[in-house]
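This report goes through one structure, part by part. Please keep the sequence and the 3D view at hand while reading.

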Amino acid sequence: MAKFGEKLFNWFDERYKIRGFIEFMSHKSVPQHRHSIWYYFGGVSLFLFIIQVITGILLLLYYRVGEDSSYESVQFIVSKVKFGWLIRSIYSWSANLMILAVFIHMFSVYFTKAYRKPRELTWVTGFLLLTLSLTFGFSGYLLPWNELAFFATKVGTEIIGSIPVIGKELLIIVRGGEDVTGATLSRFFGLHVAILPGIFTVILFIHLLFVQIQGMSEPPEWEKLPPEKRKYIPFFPNFLLRDLLLWLIILNILAILAVFFPWDLGKKADPFAPAPAGIKPEWYFLFMYQTLKLLPPKVLFIEGEFFGVLVFTIAGILWLLVPFWDVKTEKGYRNRLINYIGLFVLIYMITMTILGYVLS
Amino acid sequence: MENQKSSRRNFLGYILGFGFLGWFISVLYPIVRYIIPPKMPEAKVKSIKVGKVDDFKPGTGTIFKFGNKPGILLRLESGEFRAFSAVCTHLDCTVQYRGDMKAIWCACHNGVYDLNGRNISGPPPRPLEAFRVIVRGDEIYISKEG
């Protein structure tokens, strides 16, 4: 048997030179220090994404997009299809946990300043993956065609309309018409199951490739430590086994959440019913929603919504470009400003999210 | 001689570059036009019948279909009818009548309009568009003003 394995390996090596790659991977190591725990959240995000792909494809077997079929087919999945409720619940829970894991991953990379040279592009691709994940969330939210989703999509897309000059045209492109209708549903479906997965997979591949080529970032303090004081563990098998154990734990948490807190389907969307009381977007948009709610109708001659969107866009771009304007960390200095900005952003997001839940 | 050769090369470079640009636009243009949805011809609704006077109790608000947009018909405690577009002027949500507030309310961002459709609190920037209510016999008709 071992002989056969060796033969197979040689067969491939002769053609594709995989020995060097295996050699490289076997020397991969992961730094061991008091912030090592944060290394796991990238893997957790990846695992939850894999679950999204699997359960998402399973849902596609029964889901039928359309004003008269979307809601009904999801209802069919959760009530008639064997384990349909489980698949849908796991899908919804893992989607939400994935966004949470991605946020934790991002903030931990930010605060440990792992984005500094030479990992600027890993940060940039990671940020793109975050925005794609949010777009996934926004487009997927509409697909069950229920009341909450309908109005959330109306509001969310109407904000696009507040952009001067091109807003109106852009709104029609996004909605597939003037209003949120079956045309919007078709567009969001195409975006959610074809366009986004394609782009996401390519960027995810690049992101992971960068991580593999450069290895895990070491804390900035390590640069002053003598080499013998730096501790590492091998990636194969030590780190991978820990990763897998954590994935197993998360799968269990998912199962518990899906069984005891199944995801609600709500009422079917009715374009001629008033917006229901207590309507809110998904929790990860709540901080933006709450901000827009607190803004006056006009800020300095511009519409409140557009002002809010403008501020968030500029903040997002600055956040994306952190590795390029934080010149201190790269040179080995402590950059406290980065910590203060990060803390402010984190506290702002958490406070606004809580306010969004409490004030209604 | 040398100079002439390089200018000929430049010339060919430009031709190729513009050719490529033209090709790119001719590919992109149909795609962009395809993405923009075609305008649907829609019958302009001027006036509709919403029901009988007795269908609406005093102190209530009812959503009705006006073309492809929702409208709201109020019957005040005094028995008077008023109608507005039910599309919130803030972000397009559908408003509702709140008996406890004696006002028109939007659940999305807590916008409030008085019973004349004027925006009185919350984020709405403009009043609701008003419709004309015509009571003919015991039937109620609603039409767009102007």
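Two residues are in contact if their C-beta atoms, placed from the backbone, lie within 7 Å. The model described here is a predicted one.

## Ser186 in chain A

Ser186(A) lies in helix 9 of chain A, which covers residues 182-214. Leaving out residues up to four places away in sequence, Ser186(A) touches Val65(A) and Gly176(A).

Between Ser186(A) and Phe210(A), which are 24 residues apart along the chain, the C-alpha separation is 35 Å.

Asp243(A) belongs to helix 10 of chain A, residues 235-260. Because Asp243(A) has 19 C-beta neighbours inside 10 Å, it counts as partly exposed. Its contacts, apart from neighbours within four places in sequence, are Tyr40(A) and Gly43(A). Asp243(A) and His33(A) are 210 residues apart along the chain, and their C-alpha atoms are separated by 16 Å.

Phe344(A) is part of helix 15 of chain A, residues 336-358. There are 10 other C-beta atoms within 10 Å of Phe344(A), so this residue is exposed. From Phe344(A) to His207(A) the distance is 27 Å, C-alpha to C-alpha, and the two are 137 residues apart in sequence.

## Two packed helices in chain A

Two packed helices are described by the angle between their axes and the distance between the axes. In chain A, helix 6 (residues 120-142) and helix 7 (residues 147-161) pack at an angle of about 130°, and their axes are 8 Å apart. Helix 6 of chain A and helix 7 of chain A are therefore oblique to each other.

Which residues in helix 6 of chain A meet residues in helix 7 of chain A? On the helix 6 side they are Phe138(A), Tyr141(A) and Leu142(A). On the helix 7 side they are Ala149(A), Ala152(A), Thr153(A) and Gly156(A). Sorted by class, this contact of helix 6 with helix 7 in chain A has five nonpolar, two polar and no charged residues.

## The build of chain B

Chain B has one helix and ten strands. Along the sequence their pattern is α-β-β-β-β-β-β-β-β-β-β. The radius of gyration of chain B is 28 Å, well over the 15 Å that the globule rule gives for 146 residues, so chain B is more spread out than a compact globule. The C-alpha trace of chain B spans about 95 × 35 × 25 Å along its principal axes.

The domain assignment divides chain B into domain 1 (1-38) and domain 2 (47-144). The centres of domain 1 and domain 2 of chain B, taken over C-alpha atoms, are separated by 56 Å. Of the 146 residues in chain B, 25% are buried. Among contacts in chain B between residues at least 6 apart in sequence, 36% join residues at least 24 apart.

## Where the chains meet

How many residues of chain B are in contact with chain A? The contact involves 20 residues of chain B and 21 residues of chain A. By class, the side of chain B that touches chain A has 14 nonpolar, four polar and two charged residues.

Conventions
Residues are numbered from 1 along each chain as its sequence is written. Chains are lettered from A and ligands numbered from 1 in the order in which they are written. This is a predicted model: local features need pLDDT of at least 70, side-chain atom pairs count only at pLDDT 80 or more; totals for chains, interfaces and linings use all residues. Helices (H or I, at least four residues) and strands (E, at least two) are DSSP runs, numbered from the N terminus. Ala, Val, Leu, Ile, Met, Phe, Trp, Tyr, Cys and Pro count as nonpolar, Asp, Glu, Lys and Arg as charged, and the others, Gly among them, as polar. The radius of gyration is taken over C-alpha atoms; the globule rule is 2.2 Å times the number of residues to the power 0.38. A residue is buried if 20 or more other C-beta atoms lie within 10 Å of its own, exposed if 12 or fewer, and partly exposed in between; C-beta atoms are placed from the backbone. Domain bounds come from an automatic or database domain assignment. Axes are lines fitted to C-alpha atoms, for helices over the stretch in contact, and angles run from 0 to 180 degrees between N-to-C directions. Angles under 35 degrees count as roughly parallel, over 145 as roughly antiparallel, 65 to 115 as roughly perpendicular and the rest as oblique.
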